[in-house]
Amino acid sequence: MKLNVAVVFGGKSTEHEVSVISALQAIENIDKDKYNIIAIYMDKKGDFYYSKENLLVDSKNFKNLNSLLSKCSNVYFVKDKNHTYLREVNAGLFGNKLNQLVDVSFPIVHGTNVEDGNLQGYFHTLNLPVVGPDTLAAALSMDKYVMKEYCKAIGVPVIDALRFDRKDFRNVNEIITRVKNEIGFPVIVKPINLGSSIGIKKAKDEVSLKEALELAFSFADIILIEKAITNLREINCAVLGDKFDAECSALEEPFGNDEILSFADKYMGGSKGAKGNKVGAKSQNVGAKSQNVGDDILSSHVGASPNKVGAKSGMASLSRKVPADIDEKKAEEIRKYAKMIFKYLGCSGVSRIDFIIDKDTDKVYANEINSIPGSLSFYLFKPLGMEYKTLLDRLIKIAVDNYKNEERLSFSFDNNLLA
Amino acid sequence: MQSVRLLIASIILIVLAILKQVHIMQLNSYNLDQQIIWYKRNFVSFVLNIALFISSIIFYELKFILAYYLIIISMIGMFIENIPRKQKRKLVFTARIKRLIFVCLILFIALILPNALKLDSNMKYVLYVTALSPLVIFIAFLICLPIENSFRKKFMNEAKKIIDANDDLCVIGITGSFGKTSVKYYLDRILKSKYSVCKSPESFNTAMGATLTIKNDLRNIDDIFICEMGARRVGDIKEICDIVSPNGAIITDVGNMHLDTFKTIANVLNTKFELVEAAVKNNHANKFGYVPILVNGDNELIRKKVIDCFGITEQRYIQYYGLNQKGAGGIGENTFYADDIVASDKGTRFRFNSKAFGSEEFETKLLGKYNIMNLVAAISYSLLLDVDMDTIKGVVKGIEPVAHRLQILAFGPNELIIDDAYNSNPLGARNAVDVLSSFKDYVKIIITPGMVELNDKQDEENESFAEYAGTKVDYAIVVGHTNRLALDRGFEKTLAKDRLFDIEKVENAINYARTNIAGKKVILLENDLSDNY
């Protein structure tokens with residue numbers, strides 16, 4: 001039986017384009033003998049589009065978005081009896097011609113509004129199995145402060161940070177005092193939930209801290225001030241599985257340019273036809289290495305990408321080494337933490353967890369979790385002998401199995417208390 | 001003015017006639033034969049139509065003025081006859097009914113419009129059409145029939161395609177004269193502990209029911225589809241099998257149900273075995289391996305039929321279940337069987353045995369050997385589909401009886417009530433009495449108003465039931481008036497007079513039993529007539 005898998009990408013997010021690239025790459029690699037792919041593009045307003053002629057699976061078509069969308073149907077999902085269908089918003093005179101059955105939803109989206117649990121909750125309400133994290137895991141992963149507190153609670157070390165909201169900002173001196181007393185300069189200031197380097201700035205002293213705060217608060221109501229580690233290595237580890245079983249990928253070490261990656265560099269320049277991946281979401285703004293960086297950096301694995309989309313990366317200089325050159329003891333520690341985070345957050349599918357090693361102290365810190373990582377981190381499983389096709393197959397199977405499992409646990413509520 | 005009045009009255013009568021007749025067509029499942037039988041049986045309900053037709057002819061053609069009063073009287077009569085009444089099964093405005101009504105309206109408009117537009121003339125054609133309205137509606141029905149059949153065919157083909165596309169799906173057909181709905185329900189409950197299961201909903205046991213279930217409920221991610229199959233005629237089961245392609249099967253029982261349409265028990269048996277044949281044919285290995293075929297091994301007819309159909313060699317496909325180790329008629333052994341069945345205040349305990357899975361003690365809240373038999377079928381089948389024994393035990397323990405069907409209620413450890421208020425057939429009532437008599441060391445009391453809706457056999461059935469029950473109980477309380485005489489006659493044959501009471505109301509009877517009869521007691525409340533008896 002071919003399952004109808006709706007791959008949903010795009011969305012009201014700053015990482016919209018990156019998601020398109022991740023999704024098209026995945027669509028190209030999904031086993032078409034096993035799955036019937038339904039590509040659903042979500043535009044920046046949050047409308048869903050579907051093309052019967054399969055126009056949405058070719059990256060070339062996205063160059064002229066208006067012309068592409070004019071050839072697509074604006075669609076919505078609807079649960080009808082025991083099934084979920086895709087139907088056209090503007091039905092013709094003789095009713096809805098489109099009535100596409102959907103068996104599984106596969107959100108390949110990055111960033112706020114989509115990767116943060118909202119889209120997952122929407123599909124859950126539609127009674128569809130969802131590939132990847134559920135609402136809670138996605139939401140927890142998105143909030144950088146919650147994420148840190150969660151890690152502390154389960155015994156995974158994180159870099160100290162303070163959390164402030166816009167109201168606290170009225171008394172900026174108190175913020176400065178607390179920074180001085182509790183973490184000390186230099187620090188990095190970042191909005192609590194933005195999934196890219198937007199609004200992130202490093203501060204060495206009081207003056208630059210004020211500037212950094214101003215910048216961050218122009219993007220978010222809540223911000224985080226984190227101790228900056230100056231001499232660091234970044235190591236990322238992806239985890240595949242569900243709440244019962246999880247396995248780690250190969251480790252990677254991204255080498256960011258020491259140059260600051262401005263948003264324009266990353267998304268305008270970089271993403272244009274580039275990257276098989278989610279672009280260097282946040283290398284640190286400042287001349288430092290990319291500690292806060294947590295999202296993906298576009299790069300080297302582009303080469304590993306079988307997708308032509310990735311071929312002309314404009315950011316090939318941002319390269320990474322897979323597997324990371326790191327001693328086995330440290331690697332084991334990182335894998336252990338990665339699995340713990342994956343398990344306790346209740347993640348599912350594939351997540352990438354980014355760690356930072358303070359070279360001065362040799363301590364490992366969990367820095368960030370991407371519940372739907374760019375390119376679904378396929379390039380980290382490849383060195384273990386897992387083809388992208390196999391990875392995608394596993395991801396869908398995990399989603400269906402978990403869905404069935406939950407269905408088994410839920411009892412029917414036949415009693416109407418109001419009757 | 002007279003014309004306008006007649007026209008309005010006619011339109012009202014036509015609308016009422018449409019509503020009534022299409023409802024009857026719906027109740028007859030749009031089956032032409034059944035519809036014609038209905039016309040024959042209910043011809044008397046058209047007397048007023050004929051009266052209207054004849055009086056209209058007399059009035060208009062023979063110009064006999066007094067016939068006008070006959071017209072009025074017939075129309076009033078038709079109005080009273082056709083006015084909607086409370087029905088057990090209401091008219092459901094399905095798409096098909098809407099189409100039928102639409103065709104009716106077109107026909108009527110075409111027939112009466114030319115006459116109706118001329119308000120100054122007499123309304124003779126309008127009256128003729130009104131008088132013949134049932135005929136017009138029947139013609140509309142005939143016009144729709146081939147179109148509806150092609151819709152039906154198309155719909156069923158779509159369902160068949162869905163099933164055929166799903167190689168990994170395990171489709172279990174369940175049929176039998178009794179118990180198939182219970183087995184379906186128990187099996188669904190157990191299999192859900194391991195698989196994603198879709199089952200046909202209550203009483204959806206026809207080809208159309210299976211089609212609707214596939215189209216509306218079955219999902220591509222489901223592992224198992226349990227399809228209940230009912231039959232009234234030879235070929236019914238085959239029709240369903242052609243759509244759902246079962247690769248597994250359960251036959252619960254074969255008995256004398258629907259003999260009016262089946263004619264012989266051999267036909268019943270052949271029809272049930274249409275399922276087995278289909279399952280053998282479709283039983284290619286999929287992710288479940290070979291899907292089992294399980295039949296009631298306590299039924300001699302089934303045992304013999306298996307040998308007839310497949311000879312000995314093919315028996316390896318087929319597994320048997322029952323309440324005895326030995327197969328019925330001394331043929332073979334049951335693969336799965338239950339014994340040591342003991343009723344208690346909590347329900348029933350029994351031992352489930354099989355060579356492959358060993359012997360295990362089970363507990364259930366269900367009562368009665370039919371329920372245990374049905375449970376054995378579900379347990380056996382689940383084991384064959386790799387559900388583990390402990391999981392099955394847990395699920396079986398949690399299965400609740402259907403309310404008012406051998407439902408055990410306790411006022412305390414020494415005071416039980418078996419609520420069987422919804423039972424109303426002679427066989428079920430006897431089974432309930434057997435359940436009651438299986439409570440050892442209890443004073444056994446039956447409270448019953450008897451059974452109704454048994455036509456001319458009502459007195460006879462109630463008397464013989466009471467005679468049987470009298471041998472099994474210590475006290476009997478007859479409630480209500482309807483069957484008092486017949487029941488009293490029966491009980492008096494087997495029960496001492498001082499142990500038989502007549503009490504008007506059920507509540508009072510229960511109170512009486514609780515306060516005036518001493519000892520540890522169990523009260524069977526057998527059938528509870530609704531207020532209109």
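A polar contact is a pair of N or O atoms within 3.5 Å; within protein, one of them must be able to donate a hydrogen and the other to accept it, and residues adjacent in sequence count only if both atoms are side-chain atoms.

A word on the basis. This is a predicted model, where local features need pLDDT of at least 70 and side-chain atom pairs count only at pLDDT 80 or more, while totals for chains, interfaces and linings use all residues. Residues are numbered from 1 along each chain as its sequence is written, chains are lettered from A and ligands numbered from 1 in the order in which they are written, and side-chain values use heavy atoms, with hydrogens and water left out.

Let's begin where the chains meet. Across the interface of chain B and chain A, ten residue pairs are in polar contact, both residues at pLDDT 80 or more. On the chain B side, helix α9 (residues 207-216) gives the most to the part that touches chain A, with three residues; helices here are DSSP runs of H or I, at least four residues, numbered from the N terminus. There are also two salt bridges between chain B and chain A, each a side-chain nitrogen of Lys or Arg within 4 Å of a carboxyl oxygen of Asp or Glu. One of them joins B:Asp223 to A:Lys404, with the closest N and O atoms 2.9 Å apart.

How much area do chain B and chain A bury between them? About 1,300 Å², 46% of it on carbon and sulfur atoms. B:Arg219, B:Asn220 and B:Ile221 supply 49% of the area that chain B buries against chain A, more than any other three residues. Buried area is the accessible area (1.4 Å probe) that two parts lose on being put together, summed over both.

Now, please look inside chain B. B:Gln35 sits in helix α2, residues 32-41. Is B:Gln35 buried or exposed? It counts as buried because its relative accessibility is 0%, and buried means under 20% relative accessible area. Its side chain makes a polar contact with the side chain of B:Asn28, at 2.9 Å. Leaving aside residues up to four places away in sequence, B:Gln35 touches B:Ile24, B:Met25, B:Asn28, B:Phe138 and B:Phe141, where contact means heavy atoms within 4.5 Å.

Finally, for contrast, find B:Ile76 in helix α4 of chain B. B:Ile76 is partly exposed, at 49% relative accessible area, a class that lies between the 20% and 50% limits.

Notes: Helices (H or I, at least four residues) and strands (E, at least two) are DSSP runs, numbered from the N terminus. Buried means under 20% relative accessible area, exposed over 50%, partly exposed in between (1.4 Å probe, protein chains only).
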